[in-house]
Structures are given as C-alpha cells and as structure tokens.
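Trainee: Could you take a close look at one part of this model with me? I would like to go through its salt bridges.

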Amino acid sequence: TGESGKSTFIKQMRILHGAGYSEADRKSFTRLVYQNIVTAIQALIHAMKTLHIDYIDDKNISHAETLSQVDADQVATLAAWQVEAIRRVWSDHGVQRCYDRRREFQLSDSAKYYLTDMDRITSPSYVPTLQDILRVRVPTTGIIEYLFDLKTVIFRMVDVGGQRSERRKWIHCFEKVTSIVFLVALSEYDQVLYESEKDNRLEESKALFKTIVSYPWFKESSIILFLNKTDLLEEKITHSHLADYFPAYTGPQRDAEAAKKFILQMYVQQHVGHQKSLYNHFTCATDTENIRIVFKAVKDTLFRDNLEKFNLQ
C-alpha cells in the first residue's frame with residue numbers, strides 16, 4: 001500500500017548492496033527535500049483551516065497565506081522569505097497542536113524531521129545526507145526494476161506503486177517471482193487512506209495482503225512480511241490506543257510490543273492454508289543498520305528456500 005516504506009527499503013539496498021549515493025547523487029535530491037518541506041507546511045496550513053485551529057501569533061496568518069500560494073512541484077530552491085515564513089508557521093503553538101492531530105489529515109512521516117532542521121537544510125552549503133534521502137517522499141508510479149549483485153547471485157527487485165490506482169498496473173506482472181516482500185506500516189493503525197477517508201490504512205493493507213497471497217501465480221512464492229515503521233509505532237502508541245481502531249485488541253495500552261504481536265497475528269491469519277512459508281521481520285526502513293541485519297536474514301532464507309533455482313547446490 002502507499003507509504004508503507006517500499007521505496008525507502010530499495011534505497012537502503014542501493015546503500016548496502018548497490019552503487020550507493022555519490023555527492024552528485026545526493027545533491028540531486030536537494031530539490032525534492034525542498035518540495036517535501038513546502039508540501040508538509042502546506043498540508044499543516046490546510047489542516048489548520050479544516051480542524052478550525054487558530055494561530056497563536058496572528059502574523060502567521062499572512063505567512064500561511066503566502067506559503068499556500070507556492071506551487072510545491074515547481075520548487076527548486078527556497079527563497080529567504082519562504083524559509084523565514086516556514087520557520088515562523090512551524091513554530092506557532094497552534095500549528096504544533098495541529099501537528100499533534102496529524103492522524104486526522106494526510107501528512108508525510110518526514111514532516112517533523114525536515115521542519116525541525118531548517119537551519120542545516122537551508123544553509124548555502126547544504127548537501128542532502130543519506131538520512132535526508134531515505135526520508136524523501138516521492139510516490140512511486142508504475143513499476144521500477146533494480147538489480148543488486150550479491151556476488152553469488154543477482155537480486156532483481158521490483159518497486160511498485162502502492163496506491164489503489166497503481167495496483168492494476170503491476171498485479172499481473174509477477175508470475176514466477178521467487179519471493180514477495182510485503183511491507184506493512186505498523187504506525188498506520190489509526191490513519192485513513194489518501195484515496196478514501198473512510199478506509200483505515202491498516203485494514204486496506206491487510207485486505208491487499210490477503211488478495212496477493214491468494215493469487216494462483218504466487219503459489220510458489222515465499223512471502224516475506226516486513227512490519228515497518230517500528231519507531232513511529234513506539235512513539236504513537238503512547239497516546240493513540242490500538243483498541244480504538246481495532247476492538248479485537250485486548251492487550252495493554254501504550255505497549256508497543258503487544259501491539260506489534262497483535263498486528264503480526266492479523267497478517268499470519270490471512271496466510272493460513274498457503275503452502276509456502278511466511279517469514280516476518282520487524283523493521284525501521286530509515287535505519288540502515290536495522291535493514292542490513294534484516295536483509296542478511298532474508299537473503300539466507302531465500303538461499304535456503306531456492307537452492308535449486310539459484311543453482312547453488
């Protein structure tokens with residue numbers, strides 16, 4: 001599904017097993033970082049209206065209005081007035097209250113990461129770090145293929161668009177794949193879809209998972225389940241109760257481990273009756289060390305499962 005972390009995982013593969021990111025590559029992400037910042041502040045400004053939250057400093061009303069006029073897709077650099085306006089709006093206590101209610105509107109997970117680090121990001125010598133690149137949000141459209149040479153075997157990974165409108169483009173393209181890596185955003189249990197404000201993101205993810213594991217052309221594919229965004233879940237679970245959105249959950253409140261086990265079990269239940277194995281890992285796709293360890297385990301699993309296919313006997 002959209003925003004589960006698929007493209008971030010692919011970026012980690014490039015860092016760990018591909019060409020990495022040269023300084024020129026990193027510089028090329030500057031424009032996208034700035035666009036993400038403008039998109040985030042505009043989402044907050046729009047939500048201030050829809051949630052009827054007042055700015056604490058009235059001067060920020062005019063800052064917000066001027067920022068709303070910016071075409072985020074055309075942003076290549078941030079002018080000094082834009083930087084100052086973004087800083088002022090973000091630091092307004094009304095906007096911080098709005099941010100605390102972010103589950104009620106659509107806001108990128110990276111918003112706070114960028115908006116709290118404007119001094120570094122807007123300095124004249126700024127070159128995006130690997131962490132900046134990992135957190136850039138660009139919705140994937142269509143199908144993008146990547147090859148990673150792991151010495152004994154070449155891994156062919158295919159990244160796909162997760163939104164509903166994107167799925168029909170790729171769902172039929174995956175006959176005879178060795179494995180499916182399915183990412184779940186654990187932190188989305190209290191959020192709704194971009195495409196439909198009535199539908200819970202985790203319910204949508206669970207339904208898509210059930211559909212995918214039921215397709216006949218995936219009968220021979222092992223399923224690797226990444227329960228992603230553990231960091232965001234741990235932060236959110238302290239104030240947003242899982243049982244409010246999933247009444248079947250009867251475990252303790254504010255307990256990330258109990259929540260993780262419950263969500264995992266929901267996916268395990270969707271896989272019951274399928275002959276190929278289901279492997280699961282809890283992940284934080286923006287944490288390179290975590291992904292390095294997890295991918296090593298995945299690679300070992302795939303090698304074991306597919307000795308004949310990989311001709312490694």
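Let me start with one side chain: is K229 buried or exposed?

Mentor: Happy to. K229 counts as buried, because its relative accessibility is 11% (buried means under 20% relative accessible area, exposed over 50%, and partly exposed in between, with a 1.4 Å probe and protein chains only). Before we go on, a word on the basis: this is a predicted model, where local features need pLDDT of at least 70, side-chain atom pairs count only at pLDDT 80 or more, and totals for chains, interfaces and linings use all residues. Residues are numbered from 1 along each chain as its sequence is written, and side-chain values use heavy atoms, with hydrogens and water left out.

K229 has a partner: D109 forms a salt bridge with K229, with the closest N and O atoms 2.4 Å apart (a salt bridge is a side-chain nitrogen of Lys or Arg within 4 Å of a carboxyl oxygen of Asp or Glu). D109 sits in the loop between α6 (93-100) and α7 (111-115), and K229 in the loop between β4 (222-228) and α12, so this pair ties together parts that are 120 residues apart in sequence. Helices here are DSSP runs of H or I with at least four residues, strands are runs of E with at least two, and both are numbered from the N terminus.

Another of them joins the side chains of R156 and E145, at 2.9 Å from N to O. That pair links strand β2 (residues 154-160), which holds R156, with strand β1 (residues 143-149), which holds E145; the two residues are eleven apart. R156 is exposed, with a relative accessible area of 55%, while E145 is partly exposed at 46%.

Next, R201 and E188 meet through their side chains in a salt bridge of 2.8 Å, N to O. R201 lies in helix α11 (residues 201-214) and E188 in the loop between β3 (179-185) and α11, so the pair connects parts 13 residues apart in sequence. Both R201 and E188 are buried. They also belong to a network of salt bridges that links E3, R137, E188 and R201.
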